[in-house]
Amino acid sequence: MNSKYLIALGIFILFFSGVNALVSEATNHLNFYEEPKTFSFEVENDSGNSQELSVQVYSPLSYEISGARNTLDAGETVLIEITFFPEKRFINSSYKTTIYIELGKEKVKKEVSMSFNERMNCPVVFSAEQNSGKLELTAFNSSTEEMNFEVKGFKETGNWNVEEKSFLLEAGEEKKVSLSLTGFGDEKNFLVIACTGFEEEVEVELKGSSNPVNATGNFLVAGLGEIFSPVNLILAVIAAILLIVFISRLVKRIQGEEQ
């Protein structure tokens, strides 16, 4: 065999046998609905030596990289996460992001296509529970923009009513708020919340009374009301008159016997 080909083959084998980085498989497409997305992959140094690590991102979006290291020890694996932050100007369009991973002399290129769509629901996550005469509402804004939402009351007509109020959430903020709650009895209902053109429903279990003292007081008043109804008053007066007449006659009889 020609010595030129032998040399070329030797260089080829030497080059590829020197590969010392393994980049894990990752998705090649991200679909955005106005919320951040994270692209992640692992880099492994399968050589016998410490190697310099470099990650470069070329994207129309702003991004943050976490997990990246300057060097990777022999046999070490690191998880790298790149979080992309979309903007409204990208809606209804597609872009491509290119990522270069370099470990020692090895370079790996990854291309990720990105599609941007309008939001399909409210990005705020809600949960709620009763706390006596209050409804404790927790709201977490998972988007990169501030959000307004409005509590509109309960979906079903029942024995309970809740305060209607509006709130503002900063991007990434979690907020806990207390809403006035009035009513009584045990029931399940749905708290209706308006958010970015959508209506969210949060299931709530309601029990007891929002004000036990008032409930007891009302019960006592109702009981006294029945006792002092007009019919009962007339009967009480008649009974009192008969009792007085009976006592009067009894007294006279006793006095007559003594004489």
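Trainee: Which residues does Ser-143 touch, not counting residues up to four places away in sequence?

Mentor: Beyond that range, Ser-143 touches Glu-35, Arg-119, Pro-123, Ala-171 and Gly-172, a contact being heavy atoms within 4.5 Å. This is a predicted model, where local features need pLDDT of at least 70 and side-chain atom pairs count only at pLDDT 80 or more, while totals for chains, interfaces and linings use all residues. Residues are numbered from 1 along each chain as its sequence is written, and side-chain values use heavy atoms, with hydrogens and water left out.

Trainee: Why is Ser-143 called buried?

Mentor: Its relative accessible area is 4%, and buried means under 20%, exposed over 50%, partly exposed in between (1.4 Å probe, protein chains only). Ser-143 therefore counts as buried. Ser-143 is in the loop between β11 (134-141) and β12.

Trainee: What makes Val-151 count as buried?

Mentor: Val-151 has 0% relative accessibility, so it is buried. Val-151 belongs to strand β12 (residues 147-154). Leu-137, Phe-167 and Leu-179 are among the residues that Val-151 touches beyond four places in sequence.

Trainee: What is the average pLDDT of the chain?

Mentor: The average is 81, on a per-residue confidence scale from 0 to 100. Over residues 3-20, the pLDDT is below 50. Residues 212-226 stay under 50 and have two contacts beyond four places in sequence. Where pLDDT is low, the predicted coordinates should not be read in detail.

How values were computed:
pLDDT is the predictor's confidence in each residue, from 0 to 100. Helices (H or I, at least four residues) and strands (E, at least two) are DSSP runs, numbered from the N terminus.
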